[in-house]
Amino acid sequence: MRYIGIIPARYASTRFPAKPLAMLGGKQVIERVYRQVEGRLDEAIVATDDHRIREAVEAFGGKVVMTGTHHKSGTDRVQEAYEKWGQAYDVIVNIQGDEPFIQPQQLEAIKACFQEPSTQIATLVKPFTEDDGIAALRNPNSPKVVVDDKMRALYFSRSVVPYLRGVEPDEWLAHHTFYKHIGLYAYRPEVLREITALPQSPLEMAESLEQLRWLQAGYHIQVGISEVETIGIDTPEDLVRAEEFLRKLKD
């Protein structure tokens with residue numbers, strides 16, 4: 001099977017404008033993401049709507065595709081980039097442009113989901129640990145995932161799911177394995193084309209999670225497990241934490 005990694009990167013982020021071009025350990029964030037993917041998949045390209053990001057990618061020798069400015073999600077941008085790239089692959093992997101610490105084992109975990117021919121979409125989760133604490137579990141910016149016996153997603157929520165009746169919240173992590181969603185997706189090309197044509201769904205709008213649109217429409221999302229912790233960069237404060245994380249990796 002052939003896998004292409006597409007990294008959506010936009011300049012006009014509300015919380016952190018020009019985020020892909022921010023410096024992290026002497027390299028721009030977008031280059032660090034690209035280097036983590038390059039060579040791990042059959043192809044890696046950046047999908048952007050801004051010439052400054054395109055020029056930055058070309059400057060470090062990366063491959064890039066220009067897309068429209070109208071997209072409401074990275075998934076939509078990935079679909080346009082794939083169509084413009086014009087080469088056929090068995091699986092498209094959507095790597096967030098603000099995940100400079102994506103690890104090879106995570107890419108392998110999501111690729112492994114497609115060993116099952118029926119897999120339409122795949123994503124990753126990481127089990128919460130007791131050390132994470134109840135505050136991390138309750139963080140609405142860290143979506144939780146409930147899975148079935150075949151490790152397919154039943155639901156994604158910003159709330160804590162499931163609710164453990166009769167158990168004090170401080171004891172929840174000791175009594176149940178909760179899964180934190182990691183925003184890495186992969187799709188069959190025909191499925192990506194279909195889900196990007198879907199209208200927004202009530203569940204998606206309620207939780208502001210686009211994957212609920214796919215579940216509500218009847219698509220299956222296979223879930224792989226990662227034990228690796230990464231740091232996404234949504235704000236300038238996250239960049240500071242990422243610098244600290246990078247220093248620890250080098251130590």
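In strand 11 (residues 221-225), V223 is the bridge partner of T123. That contact belongs to a parallel pairing of strand 7 (residues 121-127) with strand 11, held over five bridges. Here, strands (E, at least two residues) and helices (H or I, at least four) are DSSP runs numbered from the N terminus, and two strands pair if DSSP finds at least two bridges between them. Strand 11 is mostly covered, with four of its five residues buried; buried means under 20% relative accessible area, exposed over 50%, and partly exposed in between (1.4 Å probe, protein chains only).

A quick note on what you're looking at: this is a predicted model, where local features need pLDDT of at least 70, side-chain atom pairs count only at pLDDT 80 or more, and totals for chains, interfaces and linings use all residues. Residues are numbered from 1 along each chain as its sequence is written, and side-chain values use heavy atoms, with hydrogens and water left out.

Now for strand 8 (residues 144-147). It runs antiparallel to strand 9 (residues 153-157), joined by four bridges, and V146 sits opposite Y155. The two strands make a hairpin with five residues between them, and M151 in the turn has a positive phi of about 55 degrees. Strand 8 also pairs with strand 10 (residues 179-187), again antiparallel, over two bridges; there V145 faces Y179.

Helix 1 (residues 29-37) is largely enclosed by the rest of the structure, because seven of its nine residues are buried. Among them are V29, I30 and Y34. After this helix comes G39, with a positive phi near 85 degrees.

On to charges. Side chains of opposite charge can pair when their charged atoms come close. A salt bridge here is a side-chain nitrogen of Lys or Arg within 4 Å of a carboxyl oxygen of Asp or Glu, and the count comes to twelve. Three of them look like this:

| Pair | N to O distance |
|---|---|
| R77 and D49 | 3.7 Å |
| E80 and K84 | 2.9 Å |
| E108 and K111 | 3.5 Å |

R77 in helix 3 (residues 74-85) and D49, in the loop between strand 4 (43-48) and helix 2 (51-59), are 28 residues apart and link distant parts of the chain. R77 counts as buried, at 4% relative accessibility. E80 and K84 both lie in helix 3, four residues apart, about one turn of the helix. In helix 4 (residues 104-112), E108 and K111 are three residues apart. E108 is partly exposed at 43%, while K111 is buried at 17%. Finally, E31, R35 and E38 are linked in a salt-bridge network.
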